[in-house]
Amino acid sequence: MAHSGGNELRLVLRLRIARGVRFSDAYTAMSEAGGDIVAMDVHHVAKEYTVRDVTVSVRSDEDGQRVIQALRDLDGIEIVHASDRTFLVHLGGKIGTHLKVPVKNRDDLSMVYTPGVARVCQAIHQDPSKAFQLTIKRNTIAVVTDGSAVLGLGNIGPRAALPVMEGKAMLFKQFADVDAFPICLDTQDTEEIIRMVKGIAPVFGGINLEDISSPRCFEIEERLRQELDIPVFHDDQHGTAVVMLAGLLNALKIVGKRMADLHVVMSGVGAAGVACTKILLASGVCDVIGCDRSGIIEPGHTYDNPIKQWYAENTNRRGMSGTLADAIRGADVFIGVSGPGVLTVDHLKTMAENPIVFAMANPIPEILPEEAEPYVRVMATGRSDYPNQINNVLCFPGIFRGALDVRAREINEEMKLAAARAIAACVPEEQLNEQYIIPSVFNPHVVESVRKAVAEAAVQTGVARRDPPVDSLEAASVHGNR
């Protein structure tokens, strides 16, 4: 998953220390309060005092407050300013715009704006497809949310969700040279969201839906896919599914099992769970059983939730009923997109030989790896502080890069499968092991591999409007020839 837990907090404290006061007193006070000093800089020296900037690592907000109070209790030391480095990173937002063409004189102005721009406008009016060549549409994605299901935070609304969407836009640019802009909509009405996204679509080459609650996210994505001629991709669903499948493909090589023979249990049948199930079925898995809080989703039952109804009609071919404990008995694979503590050691003991567990709930997985390790052959989570992180960053930059390169009308199932195989192939056979089934998000080959595979799949399935460019991602970034 995209977010991860386990990070320490960094405070930056500006201290005015009176002459004669030892800095070691401040150092001791911060250490005893739970702070770890990681950097110190002299900001200003005067006759009567010295100003120092001190960076302190703490485990929690509570520890941070204890450090600050400990300093306030010292005579001769004043806290001029205290800030959290994470907040400093976000000051004024994390993204901006830049000019690709300089405007230095009247001649430049006449080309980029009036009167020269009128000729370009007229060309697009006569042939709307020229917008892909002559505007930012060719390389720009809208990251759209209503803030109703922000991972780990819930329904916090569009303003509070904006820092997450800015971060997503940064990752698009950093990893795939895709320009992205956050669009946080101040409504959670399904029809209004669809109308708004359709209204802004002329500017963008693709739509990345993010952190929209289930089951509304399914209808929003499906309607927009039908009514727009650019790719619409709900990353919480499909990004998770693609990276999960990539990890599973490599895990199966280790345990020596085939997709068609697997008995898979899915814990959580929301947006990510359904997408994971669909991509598993498309990959040849025949036996999937889904569980929610009430137990196994049973065929033949009628469910008010249309997603659970789909699940009942397309999974659990054996007609099982009961709880997770019943479903997991003899299972080869457990995939969790639910919540902490759902899976127990007793569950693991009943699984098939060489079980595979992907406990992807964030920030706390369905079972902690240290608890599961003695009973599991291959383990993955959504966290960065354990091996085998299932992280959407491995997917969405490359999949949109490939889709934009061929001006795809949509991102279809074949393109997602191609992305999963490309991610899996970035782990060389000679390096593959239980602790390394999925590449690092900083692996420089991932985006390029996914880009190529997705572009080729788009051409083969007839959704591309141009041939893939012959240049590589790196060459394109250097020469600006997108």
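**Salt bridges, a buried threonine and a cavity**

With a relative accessibility of 35%, Lys173 counts as partly exposed. In this predicted model, the side chain of Lys173 meets that of Asp179 in a salt bridge, at 2.7 Å from N to O, and Asp179 is likewise partly exposed at 27%. A search of the whole structure finds 33 salt bridges.

Other salt bridges
- Asp53 forms a salt bridge with Arg14, in which the closest N and O atoms are 2.7 Å apart; because Asp53 lies in strand β3 (residues 49-58) and Arg14 in strand β1 (residues 9-18), the pair ties together parts that are 39 residues apart in sequence.
- Asp53 counts as buried at 17% relative accessibility, whereas Arg14 is partly exposed at 27%.
- Arg195 and Glu192 meet through their side chains in a salt bridge of 3.8 Å, N to O, and, being three residues apart in helix α8 (residues 190-200), they are separated by about one helical turn.
- Arg195 is exposed, with a relative accessible area of 53%, while Glu192 is partly exposed at 30%.

Thr277
- Thr277 has its place in helix α11 (residues 271-282) and counts as buried, at 0% relative accessibility.
- A polar atom of the Thr277 side chain lies 2.8 Å from the backbone oxygen of Gly273, and, leaving aside residues up to four places away in sequence, Thr277 touches Met266, Val288, Trp310, Tyr311 and Thr315.

Cavity
- The structure holds one cavity of 30 Å³ or more, and the largest cavity has a volume of about 30 Å³.
- Residues lining the largest cavity include Phe132, Ile230, Leu404 and Arg465, and the lining divides into six nonpolar, one polar and two charged residues.

Notes. Residues numbered from 1 in each chain as written. Predicted model: local features only at pLDDT ≥ 70, side-chain atom pairs only at ≥ 80, totals over all residues. Heavy atoms only, no water. Helix = DSSP H or I, 4+ residues; strand = E, 2+ residues; numbered from the N terminus. Buried < 20%, exposed > 50% of the residue type's maximum accessible area, 1.4 Å probe, protein only. Polar contact = N/O pair within 3.5 Å; in protein donor to acceptor, adjacent residues only side chain to side chain. Contact = heavy atoms within 4.5 Å. 1 Å grid on protein atoms, 1.4 Å probe; cavity = no way out; pocket = protein on both sides within 12 Å on 5 of 7 lines; lining within 4 Å. Points joined across faces, edges and corners; volume = space filled by probe spheres on them. Nonpolar A, V, L, I, M, F, W, Y, C, P; charged D, E, K, R; others polar. Salt bridge = Lys/Arg side-chain N within 4 Å of Asp/Glu carboxyl O.
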